[in-house]
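Have the structure open while you read.

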Amino acid sequence: MTLKEILKKNLNVPNVLSLIRLLLVPVYLILFVRGQKTAALVVFAAACFTDLLDGRIARKYNLITDLGKLLDPVADKVMILTAMFSMTIGNDAIPAVIPWAAVLVVLAKELLMIAGGALLLKHGIVVYSSMVGKVAHCLFIAGLLLSYFHEDFVRLCPGWFMTPDLIVIWLAVVCTLCALCFYVWKNVRQAKELGVKVDMNYSWQYGA
């Protein structure tokens with residue numbers, strides 16, 4: 001397939017939006033490192049908006065492509081993890097808000113999903129997102145946007161055991177762990193139905 005044919009097949013609005021979201025990540029990082037809080041928030045919000053649009057457009061106008069299936073989730077994960085790491089580390093102008101425990105849970109889940117998904121794909125089992133996973137993703141976006149107003153919440157919610165932004169983040173963490181359990185249960189069951197066995201060393205092989 002020539003480059004022209006590849007572009008013709010995959011160059012559509014949803015894929016362009018996913019690519020824009022991916023390209024906004026380094027822009028966000030530069031603004032964050034420079035301590036430009038408002039600008040970083042605007043860029044992150046714009047990236048989230050492209051996330052909202054691309055899927056809807058792809059489904060509504062039947063513009064789903066193989067490239068989009070890869071690009072969209074990669075852009076989502078890079079965007080969320082970058083924002084979480086930045087709001088965990090912080091800087092002189094933007095305080096650290098997100099606890100490391102939340103970031104490590106999400107990172108571990110994504111690594112397990114990548115490893116497990118690649119392993120299952122060898123046996124023709126495709127891992128699809130679940131509603132719980134989508135809810136977790138939306139909660140992470142909401143929590144990260146709210147985290148930019150953490151200091152305001154501290155002032156407005158005295159005596160609270162946790163500020164609203166962190167409550168949303170931890171709800172997202174709980175949902176992402178539930179999504180992981182669902183992925184494991186669903187795909188192990190599907191693997192068994194297809195005759196794929198899992199030994200204690202996590203190696204997969206077809207049953208006799």
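This is a predicted model: local features need pLDDT of at least 70, side-chain atom pairs count only at pLDDT 80 or more; totals for chains, interfaces and linings use all residues.

## The cavity and the helices around it

There is 1 cavity of 30 Å³ or more. A cavity here is a set of points, on a 1 Å grid over the protein atoms alone, where a 1.4 Å probe fits but cannot get out.

Residues are numbered from 1 along each chain as its sequence is written, and side-chain values use heavy atoms, with hydrogens and water left out.

Which residues line the largest cavity? They are Leu24, Val25, Tyr28, Val43, Phe44, Ala47, Met79, Thr82 and Ala83, where lining means having an atom within 4 Å of a point. α2 (13-33), α3 (37-60) and α4 (66-89) each give at least two of the lining residues; helices are DSSP runs (H or I, at least four residues), numbered from the N terminus. The lining has 8 nonpolar residues, 1 polar and no charged ones. For these classes, Ala, Val, Leu, Ile, Met, Phe, Trp, Tyr, Cys and Pro are nonpolar, Asp, Glu, Lys and Arg are charged, and the others, Gly among them, are polar.

Now for the packing. Axes are lines fitted to C-alpha atoms, for helices over the stretch in contact, and angles run from 0 to 180 degrees between N-to-C directions.

| Helix pair | Axis distance | Angle |
|---|---|---|
| α2 and α3 | 9 Å | about 165° |
| α3 and α6 | within 11 Å | roughly 160° |
| α4 and α6 (131-147) | within 11 Å | roughly 35° |

The angle makes α2 roughly antiparallel to α3, a label for angles over 145 degrees. The contact of α2 with α3 (heavy atoms within 4.5 Å) includes Leu24 and Tyr28 in α2, and Val43, Phe44 and Ala47 in α3. By class, this contact has 18 nonpolar, 2 polar and 3 charged residues.

α3 is also roughly antiparallel to α6. Here Leu41, Phe44, Ala45, Cys48 and Asp51 in α3 meet His137, Ile141, Leu144 and Leu145 in α6. That contact splits into 7 nonpolar, 1 polar and 1 charged.

On the α4 side, Asp76, Met79, Ile80, Ala83, Met84 and Met87 meet His137, Phe140, Ile141, Leu144 and Ser147 in α6. The residues of the contact of α4 with α6 divide into 8 nonpolar, 2 polar and 1 charged.

Technical notes:
On a 1 Å grid over the protein atoms alone, a cavity is a set of points where a 1.4 Å probe fits but cannot get out, and a pocket is an open set with protein on both sides within 12 Å along at least five of seven lines; lining residues have an atom within 4 Å of a point. Grid points are joined across faces, edges and corners, and a volume is the space filled by probe spheres set on the points. Angles under 35 degrees count as roughly parallel, over 145 as roughly antiparallel, 65 to 115 as roughly perpendicular and the rest as oblique.
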